[in-house]
Amino acid sequence: MPTTAAMPRPANPAADRTQPLISMRRITKSFGSVQAFRGASVEAHAGEIVALVGDNGAGKSTLVKVMAGVFGFDSGDHDFEGRPANIRTPSDATAMGIQTVYQDLALCNNLDAVQNLFLGRELTGSRWWGRRIRRAECEVRAREVLTRMRLGNLSLTRPVGAMSGGQRQNIAIARSILWTPKVVILDEPTAALSHSAAEQVSRLVRTLADQGLGVVIVSHDIHHFVVNATDRVEVMRLGANAASFRSRDVTGEQVVNARVGGNEAVNLAG
Ligand SMILES: Nc1ncnc2c1ncn2[C@@H]1O[C@H](COP(=O)(O)OP(=O)(O)OP(=O)(O)O)[C@@H](O)[C@H]1O
Ligand SMILES: [Mg+2]
């Protein structure tokens, strides 16, 4: 067998957009006596960018980890493409087409973009050649996927440790979509990025959604990223949904007010 890796395949832009790709409803989860959520819900459709916002400790990262199979949950429904997801491990989630980019990105700084993209799943040579990495083929595929994501200018050969925060974020996102582009979950992709680097990430995320992916993004950058670069906002407070908005209909101030609370849960998401 010449390869161990799948070709990057574009998501299907004609996918059924009425049914959510991923749907978590009334999820509860405790860590011992700490209740991380009391009934959290979030869903994402093909072609949609959903922001998950909330104060520190609201449960956003934990919910992401439940979606990604890192944690189980106590009760509620976790469906994928309309069926119970039955995700028990991160590899179950990956096999289903759910990819997650965590905040620490998990890139190897001393390796270049190609090596990072294919880390742990390199294209390998035939048995005859041993498991020699087919570098040239990896480069071609890396270039293909980066071009599709409009990141054709990224260096393939510079160690990623020598790249900017925005470029590193983009490589981490590229790695996530290289294999299973149905749903991508990003935990704080614009944290610590300059305004222009965050805008580049916004454009990249919109490119992915336009290609038919569902995207869920945890973000604290409400006034710029959340209201300008996403389609829907789910606000979490104390482990439950406090509000839902359509991003184009809401101001940053309204989202912040919902995040800090006091009012009844609102739903303006339609
Ligand atoms: N492994 C764990 N063991 C025990 N408690 C945990 C664990 N992971 C998270 N928690 C608790 O669950 C709650 C939600 O944490 P989580 O990290 O999901 O918050 P968050 O919304 O991502 O916050 P932040 O904006 O600070 O990243 C917190 O009370 C946290 O202490
Ligand atoms: Mg978090």
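An N or O atom in the side chain of Thr62 sits 2.5 Å from an oxygen atom of ligand 1. The model is predicted, and every distance here is computed from it. Two further polar contacts reach ligand 1. His220 places a polar side-chain atom 2.9 Å from a ligand oxygen. Ala58 uses its backbone instead: one of its N or O atoms is 3.2 Å from an oxygen atom of the ligand. On its own, ligand 1 has 640 Å² of accessible area, and the protein covers 61% of that.

Now widen the view to the shell. There are 13 residues around ligand 1. Asn56, Gly57, Lys60, Ser61 and Thr62 come nearest. By type, the shell holds 6 polar, 4 nonpolar and 3 charged residues. Strand E2 (34-44) and helix H1 (60-67) each supply at least two of its residues. Helix H1 gives the most, with 3.

Next, turn to Ser219. This residue lies in the loop that runs between strand E8 (214-218) and helix H7 (222-229). Is Ser219 buried or exposed? Its relative accessible area is 2%, under the 20% cut-off, so Ser219 counts as buried. Beyond its neighbours within four places in sequence, Ser219 is in contact with Leu52, Val53, Thr190, Phe225 and Val226. Take Thr190 from that list. Thr190 is 29 residues from Ser219 in sequence, yet their C-alpha atoms are 7.3 Å apart.

Notes: Residues numbered from 1 in each chain as written. Chains lettered and ligands numbered in written order. Predicted model: local features only at pLDDT ≥ 70, side-chain atom pairs only at ≥ 80, totals over all residues. Heavy atoms only, no water. Near = heavy atom within 4 Å. Polar contact = N/O pair within 3.5 Å; in protein donor to acceptor, adjacent residues only side chain to side chain. Areas by Shrake-Rupley, 256 points an atom, 1.4 Å probe, with all protein chains shown as cover. Helix = DSSP H or I, 4+ residues; strand = E, 2+ residues; numbered from the N terminus. Nonpolar A, V, L, I, M, F, W, Y, C, P; charged D, E, K, R; others polar. Buried < 20%, exposed > 50% of the residue type's maximum accessible area, 1.4 Å probe, protein only. Contact = heavy atoms within 4.5 Å.
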